[in-house]
Structures are given as C-alpha cells and as structure tokens.
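Please look at the sequence and structure below before reading on.

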Amino acid sequence: MSYLFCFVLSAVFAYSSAGLFRDVLYSNWITCNHDKFLNYGVSEVQIFFYDFQNNFNLSFPIEFAVEGITSSYNLDITRRLIFFNPGYKSHISKNTEELVRQTFSDVPNIYLIIVDHSMYTSAKGGKFASYERSVRHVYYIGTAIGNFLAGLQKQGFPSNNIHCIGHSLGSQMLGYAGTRFTELTNEKIWRITGLDPAGPCFSNGSVEDQIRSGVANYVEVYHCNAGGLGTTSVLGDIDFFFNKAGKKQPTCHSGIIPGKGESDAAKCSHKACVRYYTESVHLKTGYLAWACDSYDHYSKGSCSVNQVTIAGYNNPGNVTGTFYVSTDMFGV
C-alpha cells in the first residue's frame, strides 16, 4: 500500500508541475459555459459610488445607477473615475473591497466605484457548481457594466477619465464591458487593468471571452498565480509577470500539492496581485519591470539591459510587450 501511495503522490506532483493536475481538475469537474444566448438577468448587481473628497457615497442597482448617481450628484468631469470589479466569491464587505476603499480614500481628484455582483458569483451551491454558475454570468455582468459606463459617458463623463480595474473573474468581465462600451459610444475606455485574470474556464478558451488588447485604449494585465487560479495567457497591450514567472509569490507557501486548484497557497498568490497594485498607488515610481522573452532569461540577468517601465498604478501606459518584475528589491 505504501508503494502505491507513493506512486500516486508522485504522479500528482508530476501532473502539478506540468499544470496537468489543474487541467484535469477543471476540465473534468467543471463545465465551462460562455453561452451568450441564455438571456440571464443581472439586475441585482449593485454599484457603490464613493466621493471621499466630500465624504459622500451612494449605492444603486446597476440598472438604475446612472440615473441615481447623476440625479443625486453633480459629477466633476475633470476627475478620474476608478472603477473596481472584484472576482469570484467577492462581496462589498470583504477584505479586498475594503483594501481598495482604503487605498483610494486619500487619492485626490478621483471617484471610486466598486461593483458587488455577489448575488451571481457567490460560493453558494458548492465549489464547482458555484464557479460554473459564476462563469455563465460573466458575459452578462460584463455587458451590464459596459451599459452602465456608457450611460455615464452619455451624461457627459469623458471616456478618457475612466480607469477600470478588475481582479480574477472581474478582470474577465471587463473584456465584455470594454467591448460593450465601444459598441454604444464609438469610444474606448481610457484604461483597463486586469489583476491576475481568472484562469479556469478561460486560459484554454476563446480570446473573445477574455480581457485582451483592444477592449480599451490601453490594457495592462498582471500575473501572480499563472497556471493556478490565474490565466497563463498573454492578453494585454502589456503583461507583467511578478516573481517566479507570475506563478507563486514569495510570501505564499507552496501548498501540499503545488498549483492545486483553490488551495490556500494558490489563493494567497492570486490575491497578491491586488496587494501589489494597491501598494503601488502610493509608490511614486511603482515597481520597475524589464522587458524579457522568458522568466529564465530574466532570472539569469540576460534582460538587464532591456527596456524598463513601471508596473502598477503609475504605469505611464506608453510601453507594450511582456515584462517581468521582482518585488524583492522593493522589500515587498
């Protein structure tokens, strides 16, 4: 029995190392459905609007949010709108949303909007069934977000002052949101930022079902758990891979089975992208990132003379390609 156990355990580790364990896990246990003809309603998505400068906040169902905000409040169209869309199992009262609120609470000349789509993306019903349900709603929630943002634009809020940030499943929704916004306005959102876009049901799927270059004037994607809960795909105008090829973050343990689905280890690395990005808001220079064709070359110093840019909130948005970041030099 011990020989059999060791053999099975070794096989699992081998699959994990190659990413095959993940593929078997999600391919066999989750049905990935991106059907756009299910006509799902998402009227219970909530929009939370914050003006920290004037200590003012509002919340509305997404279908009534444009009218609710603009009739209750005189928007300053010179400000930047930071729009945060969280991922699977999110809720307005959870830690990620609070981190985003605290991060932007003292940033001048911005509005913050946080989406709560937990009615459709909660863990209710069990791990696999709830993720299947959440994936089926991605297109519909993303489209509703696009409708909402286009509604603000039609009320006079300029496209070039809208910055959408998504995490995990919320990043993938923003691909649809950007597409819908352009369909309705003939303009593009200024910037879309994807923080470790969800991998399961997306990494091996159609690029049209994902966040990608072209859905905004500038699309930046950050990878922290690539091949686990995050996608392995290079999707944006610029893709940043943080620490160890964007797979595992230094403050996170490897877990009993490296790369195992939704283990605590994977979640730790997956959420690290949000932490890095929010920390960068108050870093004048952000994280230095080097253009490189592979992590092996980057780790060996072969790309040290290549193009350098800034990763994070202060990314100037004038560079494209694949870049690597080590947070060790920043003490993170």
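A disulfide is here a pair of cysteine sulfur atoms within 2.5 Å. By this rule the protein has 4 disulfides. When the bonded cysteines are counted along the chain, the disulfides follow the pattern 1-2, 3-6, 4-5, 7-8.

The model is predicted: local features need pLDDT of at least 70, side-chain atom pairs count only at pLDDT 80 or more, and totals for chains, interfaces and linings use all residues. Residues are numbered from 1 along each chain as its sequence is written, and side-chain values use heavy atoms, with hydrogens and water left out.

| Disulfide | S to S distance | Angle about the S-S bond and hand |
|---|---|---|
| Cys32 and Cys201 | 2.0 Å | -70°, left-handed |
| Cys224 and Cys273 | 2.1 Å | 90°, right-handed |
| Cys292 and Cys303 | 1.8 Å | 50°, right-handed |

**Cys32 and Cys201.** A disulfide joins Cys32 to Cys201. Cys32 lies in the loop between helix H2 (20-29) and strand S1 (46-51), and Cys201 in the loop between strand S6 (191-195) and strand S7 (218-223), so the pair ties together parts that are 169 residues apart in sequence. Cys32 is partly exposed, at 37% relative accessibility, whereas Cys201 is buried at 13%.

**Cys224 and Cys273.** The disulfide of Cys224 and Cys273 is right-handed. This pair links distant parts of the chain that are 49 residues apart: Cys224 is in the loop between S7 and strand S8 (238-242), while Cys273 is within helix H8 (residues 264-280). Cys224 and Cys273 are both buried.

**Cys292 and Cys303.** A disulfide is also formed by Cys292 and Cys303. Cys292 sits in the loop between strand S9 (287-291) and helix H9 (295-299), and Cys303 in the loop between H9 and strand S10 (308-311), with 11 residues from one to the other. Are these two cysteines buried or exposed? Both Cys292 and Cys303 are buried.

A further cysteine, Cys164, is buried, with a relative accessible area of 0%.

Notes. Helices (H or I, at least four residues) and strands (E, at least two) are DSSP runs, numbered from the N terminus. Buried means under 20% relative accessible area, exposed over 50%, partly exposed in between (1.4 Å probe, protein chains only).
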